[in-house]
Amino acid sequence: MNTVDVAFRNWLGRAWIFVSGHYCVLLPNQKAYVNSAVLFFFYFVLRPFWEDLSTGFLAFAFLLWGMALCSDLLTFYSKVTETILGKIVLVAIASTGVNVAVAMSAQLVNDVIGWDPGSFVHTIAFVSIFQGFTLTLFVLGVLFAVGIVFGFIFIVFHFSYDERLLSAIFPWYVAGRSVPHKRLTVLVQAASFLTLCWFAYSWVANEQPRYQAFIEGKARLFLYSFEMYEKAPTCSLTQNQRVAFLEGGQVLVANKVGDEITFTVRSCPIAE
């Protein structure tokens, strides 16, 4: 056998042992980050030659990256909930978010019908689901700006060799815990979270009007389908019209023409 071939195979074997040895000691989230990076690399290499295959690599890369990021966020969540202060903060954030989402939904329903939305609590609850998603993305967008500063502080402290300082700044940090390639992992985690926040900020900045129009359309359809009636004893209704009874002898009449639904508030005429 050629001496060059033997030397190359020996080099290849040593490289494989080196790479596999370092890979095997990684934690599951670290392996997911490495795998996603490899898939991203293959995507950029294959994209000019094989678009369908490269798209598959890209999809799997985002999947693994998302799994790693979710694992890190769940780990952070579990660490926060271990302390009483963390639980109080999470409850405060959740309650504030729910109230803001409900208030935003009530405002949207009011814009749709032009009347007190308190009579249509089911529609408000339904719209709150979509508003919660918008609110989450808005918070992530804000965190993008804040995270640039705190992310830098996070990285600086994790690059510190003073274990007691880390324990004082980050209560969930366990001094002396062996994490392979800890500082590189911290860089990747911080960059991944900032990337997620940047995507959220971009979406809120560019797609918010379109998404709000989507929510309004779903609110109209839900209100028309589930909180209004096809028959009323004292109201004359034409085809595709529905009615909901309001206070003060007023009614909300919905008229559906194709996919468009419009609402008007009026007194209910007596049917002949």
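Residues are numbered from 1 along each chain as its sequence is written, and side-chain values use heavy atoms, leaving out hydrogens and water. Because the model is predicted, local features need pLDDT of at least 70 and side-chain atom pairs count only at pLDDT 80 or more, while totals for chains, interfaces and linings use all residues.

**Exercise 1.** Work out where Q241 sits and whether Q241 is buried or exposed.

*Solution.* 
- Step 1: find the element. Q241 belongs to strand 1, residues 241–245. Helices (H or I, at least four residues) and strands (E, at least two) are DSSP runs, numbered from the N terminus.
- Step 2: check the cover. Q241 has a relative accessible area of 16%, so it counts as buried (under 20%; exposed is over 50%, partly exposed in between; 1.4 Å probe, protein chains only).
- Step 3: list the neighbours. Leaving out residues up to four places away in sequence, Q241 touches Y224, Y229, E230, S236, V253, A254 and N255, where contact means heavy atoms within 4.5 Å.
- Step 4: look at the side chain. The Q241 side chain reaches the backbone nitrogen of T238 at 3.0 Å.

**Exercise 2.** Describe how the whole chain is built.

*Solution.* 
- Step 1: count the elements. The protein chain has seven helices and three strands.
- Step 2: read their order. From the N terminus on, you get α-α-α-α-α-α-α-β-β-β.
- Step 3: check burial. Of the 272 residues in the protein chain, 28% are buried.
- Step 4: look at sequence separation. Take contacts between residues at least 6 apart in sequence: 54% of them join residues at least 24 apart.

Note on methods
Polar contact = N/O pair within 3.5 Å; in protein donor to acceptor, adjacent residues only side chain to side chain.
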